[in-house]
Amino acid sequence: MRGWGVFVHGFTLGKDSPAAARVSKQLAREGIGMLRFDALGLVDSEGEWGDGSFTVKVADTQQAVAFMAERGTPASLLVGHSWGGAAAIAAASDGAPVSAVASIAAPVDPGHAEHQYDALVDRVLDDGEAEWRVGGKALTLTREFVEDVRRAEFRDRIDRLRQPLLVLHSPTDNTVGVGNASEIFQRARHPRSFVALEGADHLLTAPGQAKRAGRLISAWCDPYLG
């Protein structure tokens, strides 16, 4: 193996979502072994999704990096898709011992996710929680979750990031606009790189797009593996 890494999936997706699975498998084919994991309360993970938050997502990412080190395969690379891209940057900024970070279609503000549940926000803040149905799943959205996302202070974490950063984003992403990538890139320190994923949708479901992202990440991160 050339090296090891951790993949952080999007908001309510999971480790087997197209971006997570296909990018990670492409990286593995290119000699970078990747750990994927489900966020709290999603798919194969125990617990309640509503007990999570952006803070929990970042902490779980750091724990995944620590797990890789404990098993003797320390992660050099953190890759995150969408909300997971923001979590990957935040985890590295907060001290996760990786050498490089790649974000795919990440928002510059984790609060961007509120657009997905904005119809429920007032009821959640008044009552403390509400059921949110998304993608065939029934999730419990809590006041603590909403408030934690709102106070994420993510831009400060981009400013503090010391690791090299690769920002990948589609110019035609209709879920998280490419302007998010522009601000992340502008705030990040050198070394930093930006690649436009022309023709890709937000979830990287178009044929070949996730594999392409994996190949780009593999080539970019080569100097930082080891």
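**Charges outside, rings inside**

Mentor: In this predicted model, the residues E48, D51, D122, D126, D127, E129, E144 and E147 make up a negative surface patch.

Trainee: Which elements give two or more residues to the negative patch?

Mentor: Helices α5 (121–127) and α6 (143–150) do. The largest share, 3 residues, is from α5.

Trainee: And D127, where is that?

Mentor: D127 sits in helix α5.

Trainee: Is D127 buried or exposed?

Mentor: D127 counts as exposed, because its relative accessibility is 56% and the cut-off for exposed is over 50%.

Trainee: Change of topic. How many aromatic pairs are there?

Mentor: The count is 13 aromatic pairs. One of them is W49 with W132, a tilted pair with 5.7 Å from centre to centre and 45° between the planes.

Trainee: What does the pair of W49 and W132 tie together?

Mentor: Parts that are 83 residues apart in sequence, since W49 lies in the loop between β2 (32–36) and α2 (54–70) while W132 is in strand β5 (residues 129–134). Both W49 and W132 are buried.

Trainee: What about W83 and F145, why is that pair stacked?

Mentor: Their planes are at 10°, so the pair is stacked; the ring centres are 6.2 Å apart. Planes under 30 degrees apart count as stacked. W83 in helix α3 (residues 83–93) and F145 in helix α6 are 62 residues apart, so this pair also links distant parts of the chain.

Trainee: W83 and F145, buried or exposed?

Mentor: W83 counts as buried at 5% relative accessibility, and F145 counts as buried at 2%.

Trainee: Which residues form the aromatic cluster?

Mentor: One cluster is formed by F11, W49, F54, W83, Y117, W132, F145 and F154.

Technical notes
Residues are numbered from 1 along each chain as its sequence is written. This is a predicted model: local features need pLDDT of at least 70, side-chain atom pairs count only at pLDDT 80 or more; totals for chains, interfaces and linings use all residues. Side-chain values use heavy atoms; hydrogens and water are left out. Patches are made of residues with over 30% relative accessible area and no salt bridge: like charges are joined within 9 Å, nonpolar side chains (Val, Leu, Ile, Met, Phe, Trp, Tyr) within 5 Å. Accessible areas come from the Shrake-Rupley method with a 1.4 Å probe; for residues, only the protein chains shown count as cover. A salt bridge is a side-chain nitrogen of Lys or Arg within 4 Å of a carboxyl oxygen of Asp or Glu. Lys and Arg count as positive and Asp and Glu as negative; His and the chain ends are not counted. The place of a charge is taken as NZ of Lys, CZ of Arg, CG of Asp or CD of Glu. Helices (H or I, at least four residues) and strands (E, at least two) are DSSP runs, numbered from the N terminus. Buried means under 20% relative accessible area, exposed over 50%, partly exposed in between (1.4 Å probe, protein chains only). Rings of Phe, Tyr and Trp (its six-membered ring) pair if their centres lie within 6.5 Å; planes under 30 degrees apart count as stacked, over 60 as edge-to-face and the rest as tilted.
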